[in-house]
Amino acid sequence: MGSQEVGQLLEGCLSAAEAHQSTPLSEAHRMNYCHCRDSLCEELASLLQEATEMKWPFVPEKWQYKQSVSANDKTNLNDLISKHLPQLLNVLKASIMAGEAQSALSVVFLVDRFLYWTDESSRLLRITRRLHKHYPDTPIAPQLVIRQARVYLNSGKLQKAEYILSNLINNSGTTGCWIYQSETDRVLVQAVSVQVRGMVLQKLGLWLQAAELIWASLVGFYALPQPDKKGIGTSLGLLANILVSMNDEDFHALRSNPDIDFSLLGDGSHRLLSAAQAAKMAVVYSQYTSLFVLTNVTAQGTCLQSYSFSVECPASQRQTFLLEAKEAFAIGLLTKEEGDLVTSKQELHTFLKAAYSLTVTHKWLGTPPEVVTQAEQACHKALAHFYEYCHADTQNKDSLCTEIMHLVAQVKHLLQVKPFPNSDKGSFIPDSYRNIKDTFVNFTLAGFSKIIKRFQKYHASVCETAHTNCTTKNESDKAKLCITGIATTIGTLSSIANGHGVNVSNQATVTGKDRSESESQSPEKNKKQNAQGFNSCVGSHAIPRSTKPVTSSSTGGSCSEEFELVQADIETQVDQITDVVDVGRKQDVAEGAVQSLSQLTFKTSSSSLSDSFSSQSSWEIIPADLKSSTNGKPQPSSRSKAGTIHHSSSQDSDGSFFLLETPNSETSESALDHTYKDHVSGSKAKVMSKLQPLENIKPDEYAETEVDPEPVKPATPLKPSRAEQCAVSETSSESSFEELEWNQSGHQHNDVTNTENVSVPQRKNPLCHSCLNHSNMSGVPARQYLLSQQDYQALLAGVCHECLLKRLHSDKAQFKLKGHGTSHSALHLKFSKASGLWTARETCVYIGEPMGMEGKQRRAIWVQFLHQEERLSSYVGKDYIKPRGIQFHLKDVERQMTAQYYVTEFNKSLYDKEVMAQIFYIPSEALLILEGDEIVDCVTVEPYMLGDFVKLTNNTGRKNNSIQATEYGIAFGHFTYLFSYGQEVVVDLQGWATANGKGLTYLTDPQIHSTRIPKGPSNFADRGLMYFVDEQHGPECNGICELLKLPPLTTQPQALPPQKI
């Protein structure tokens, strides 16, 4: 059944649900329902009855809980659903029209997983919400509630996903009117919720914490009376991917955890070998489902390929591991044949990843270059089609899928992928994989309960930040988690900005339906509607907006599901004035509430925050002026010209869509400097009753980020425009990276090394391939960006920050993306502050169209690449408008990951003191775009995020006291100052936060003042530290500092022993 037919049937069901109240029930409807129900085959009718009776919280596979699997069990539910989907959707529609809510929701329950893998969860969940509004006392399966959390995770709405998951974990799976048949069913729901929450932390780049949660889910799945093989396989596969990205220090901490028995994964001698073993076990556990085998075997191949290049891999064994990786990728590609229908975005993406990874493996095994080149070209074409597939209308997806799989088949033919011996007809793995032995594990329900209790206070705190507003007939059910009763209104926040540090341009009225769809299932769908704007303020990126007003039906209901869009005027420090208009009208949110902020209402302690964080809480127009207290002292600034609002979005800062930029602030000389501080993500929002032309809007000055272009000269004071404005930051009008003597600091010490004339010996990093082998990575060849085989080996094994910058830094070579809508081979670079290493993977990247957000320094573009952490998530690239050297991009990543390192340590202190809040920095990575073996472009990438943005502090003395979350930010700065022995402080805090500071805060685009490295335009060094100590923090500690028992701040700080950087 094609995608277009499925879409049409679902639209019919949705229309029936929407027309429910206006359409009287008749006997004809009742008879039609009985006829459709009776037409189901016996197996489906039995499943439907069991679903209605709430026999299980998740629809089980036949093989899922059986140790001995018969031939009849080697089938998948999706195969049965796919074969009978038209009949099931007819039953769904007939049930809705006949008023048979329980039957309708049971059908939704049965088809949910199949439609998720065919990218149709958005419409199905809208139907679910409609039904729940009309029949609030009808049970909804936990599987559907967790599905909503998965959708939020994929769309970048992490706070909402965390809220749902924390509720299920903290309340033993309680949700709405659902009745559990046994306590072990509750354990299963908790285990799945913990697993998905581990995926949230994986997306945030918190590998150790993510691995600990995934391990906890393994304990839950193993501890069931009949272990859940599907759950175990999924968790093992996730663990493998996490271990690949984790640094060795975190891996040692994981292995040393007394609650984790690593013998499950063999001897655990090496992180990547343990990851490969986990992936292989996952393959065996999920061998009867082609998608799971493809996913896990590709993870296994990636682990083996990565290990073959590691410093620890003996040269004599390198080819052996490459051959094992080759076999793994081939197994994945053989799970489908050309002509087989593939309707899953994840499956298509993983096929492309396996095909490209196999091509890379063949290259290193010595396959003729012309064959490798042809296979690479086929992968490039397929990725371009895949990008189009992600944004295509339903009717075009089938043809694109066919073309993608045809190109995958070409790769298989070119690389001579042959079938493997397989004696089990129902299995998708070779016989050689069946020799893996089960390892005895002593996981118990009591042990799982003990693990859950450790996180109880934290999950309870997350639950407290929101409330449900769904009304049921039973008063006792009001506090229970419900699929439509989750509201995400956080209220008005005076500093409003739209995602990912870029200003919004060309925004127009957006309906609840469009907005919710973009936020939930696939934010890329809106790229086709409008590649020029985002909405929801904050962090990394926001929702793309249609350039034309759209409308949708409006209905009321007991569940508050309306959106609120505010019109904001923001003055930024750039050369032109532009404005962002975003005005919404009352819309029905129910149909898209699954994807909207409107379902989760966060409690606020500040009225100014409460309105802006709820960009979707209501279509009413609300004022959003910032009324935060500020430090009255004048702020020094050496700007030569005032900044102005830049209507296009600068993606330099990941903090918001409404940004305040600082001209040319990328001039920092240090690896920790904020090299591109183009904006301050705050705004004074001015709300209008109707949409006005952009040229009619006069922005008010808001927050500015200060940059010091001439650190030696005294700065002139900057007079803030309004006493109540928050976070004025310094900027420099004309300063450039090239004008400074470029220096860098060694890892964990104060040595300064000039990249051109090394006068101070560089301290060697024992984990760095170049330091250990004195490879060409330490030298600069005549064609600097033409990579040799030694360069590849060094990058794939891992090189320290100093060696990488020595090799790639140039004051002459400048890069800027030359085109969009093209696929390229690339090196995907990740940086770990803990190890000081950059590690690369060979990948394929598609550079999509601009997002319509452009700042003074950089612009935002859509990016899709094969080795992205979350296959179903969107990623945003940041490219400098003016050509810049690669070092700019690398330092952008290094600075953000340094802040992440600090905040991770801070979170440990919070948890140790039972302060139930967590702060995260969005991970940033770099892509080196290749033509052949030569670097031709560079772009930084990070996950697409949704949510309302707030600026807590700036980089001098200002802070937003209207938000309690600022207290946590100030305490974080206090902590980093002590943690670094008074040498560094992380400032300019901006991102997503709840008003009371509890629960989760996501930050982006920091600045760091440091005396470890030379003073620069955005690193005020001693002066910056004094700004923080004397003004932003002040002489008195706040309540969070006192709870953490942090020593008082002085110019000669008392460090936090035994911790150090």
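This is a predicted model: local features need pLDDT of at least 70, side-chain atom pairs count only at pLDDT 80 or more; totals for chains, interfaces and linings use all residues.
I'll start with the overall figures. The chain has 1061 residues, and 68% of them are buried. Its secondary structure comes to 30 helices and 19 strands. If you take the contacts with a separation of 6 or more, 79% are between residues 24 or more positions apart.

Next, helix 2, residues 27–38. How does its length compare with what 1.5 Å a residue should give? The 12 residues should span 16 Å, and the end C-alpha atoms are 16 Å apart, so the two agree. Within helix 2, the buried residues are His 29, Tyr 33 and Cys 36. Looking down the helix axis, these buried residues fall within an arc of 70°, which means that they line one face. The cover over the buried residues of helix 2 includes helix 4, residues 77–97, and helix 5, residues 101–117. On the face turned away from the buried side we have the exposed residues Glu 27, Ala 28, Met 31, His 35 and Asp 38.

Now helix 7, residues 142–155, and in particular Ser 155, which belongs to that helix. Ser 155 has a relative accessible area of 0%, so it counts as buried. A polar atom of the Ser 155 side chain sits 3.1 Å from the backbone oxygen of Tyr 152.

Moving on to strand 9, residues 837–854, which contains Thr 843. Is Thr 843 buried or exposed? Its relative accessibility is 0%, so Thr 843 is buried. Which residues touch Thr 843, leaving aside neighbours within four places in sequence? The contacts are Tyr 356, His 824, Ser 825, Ala 826, His 828, Phe 865, Leu 866, His 867 and Leu 927. As for separation along the chain, Lys 353 is 490 residues from Thr 843, and the C-alpha atoms of the two are 8.0 Å apart.

Last, the cysteines. How many disulfides does the structure hold? The count is zero. Cys 1041 is a case in point: its nearest cysteine sulfur belongs to Cys 1037 and is 4.4 Å away. The cut-off for a disulfide is 2.5 Å between sulfurs, so Cys 1041 is in none. Cys 1041 is also buried, at a relative accessible area of 1%. Cys 938 is buried too, with a relative accessible area of 1%.

That is the end of the talk.

Conventions
Residues are numbered from 1 along each chain as its sequence is written. Side-chain values use heavy atoms; hydrogens and water are left out. Buried means under 20% relative accessible area, exposed over 50%, partly exposed in between (1.4 Å probe, protein chains only). Helices (H or I, at least four residues) and strands (E, at least two) are DSSP runs, numbered from the N terminus. Contact means heavy atoms within 4.5 Å. A polar contact is a pair of N or O atoms within 3.5 Å; within protein, one must be able to donate a hydrogen and the other to accept it, and residues adjacent in sequence count only if both atoms are side-chain atoms. The expected span of a helix is 1.5 Å times one less than its number of residues. The arc is that of the directions from the helix axis to the C-beta atoms.
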